[in-house]
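Hello,

Here is the structure I promised to pass on. Please open it first, then read the notes below it.

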Amino acid sequence: MRDPHVALWRKLAGVLAVVYFLSPVDAIPDVIPVLGWLDDLGVLSAAAFFMVREVQRHQLTVEGTATPGSAASP
């Protein structure tokens, strides 16, 4: 979060997912029993996978095994 080389939108991805989860405005309303909860779960899961991948990619860059613009393979 403190690295100035990391884009702001990458830092905010997890925060925005939590805001979406807590927001009363959803793509599918939460009053629909299962579907309303699945869209929230999908957004949180996608954000979690994205954040894990970004942290792994950043760790590889910091360790010097990849360049900042290259895509690191897991």
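E54 is buried, because its relative accessibility is 12% and the cut-off for buried is under 20%. Bear in mind that this is a predicted model.

Start with the salt bridges. The whole structure has three of them. E54 pairs with R10, and their closest N and O atoms are 2.7 Å apart. This pair links distant parts of the chain. R10 sits in helix α1, which covers residues 8–22. E54 sits in helix α2, which covers residues 35–63.

R10 is another case for accessibility. Its value is 22%, so R10 counts as partly exposed.

E54 also forms a salt bridge with R57. Here the closest N and O atoms are 3.0 Å apart. Why are R57 and E54 separated by about one helical turn? Because they are three residues apart in helix α2.

R53 is another partner of E54. Their side chains meet in a salt bridge at 4.0 Å, N to O. Taken together, R10, R53, E54 and R57 are linked in a network of salt bridges.

Now the nonpolar side of the story. Which residues make the nonpolar surface patch of about 730 Å²? They are V31, I32, V34, L35, W37, L38 and L41. Take L38 as one of them. L38 lies in helix α2. Its relative accessibility is 46%, so L38 counts as partly exposed. Patch residues need over 30% relative accessible area, and L38 has 46%.

Helix α2 therefore holds both L38 and the pair R57 and E54.

Last, the chain as a whole. How many helices and strands does the protein chain have? It has two helices and zero strands. The chain has 74 residues, and buried residues make up 15% of them. E54 is one of the residues that count as buried.

The accessible surface of the chain comes to about 5,700 Å². Carbon and sulfur atoms account for 73% of that surface.

For contacts, take those between residues at least 6 apart in sequence. Of these, 36% join residues at least 24 apart.

Best wishes

How values were computed
Residues are numbered from 1 along each chain as its sequence is written. This is a predicted model: local features need pLDDT of at least 70, side-chain atom pairs count only at pLDDT 80 or more; totals for chains, interfaces and linings use all residues. Side-chain values use heavy atoms; hydrogens and water are left out. Helices (H or I, at least four residues) and strands (E, at least two) are DSSP runs, numbered from the N terminus. Buried means under 20% relative accessible area, exposed over 50%, partly exposed in between (1.4 Å probe, protein chains only). Contact means heavy atoms within 4.5 Å. Accessible areas come from the Shrake-Rupley method with a 1.4 Å probe; for residues, only the protein chains shown count as cover. Patches are made of residues with over 30% relative accessible area and no salt bridge: like charges are joined within 9 Å, nonpolar side chains (Val, Leu, Ile, Met, Phe, Trp, Tyr) within 5 Å.
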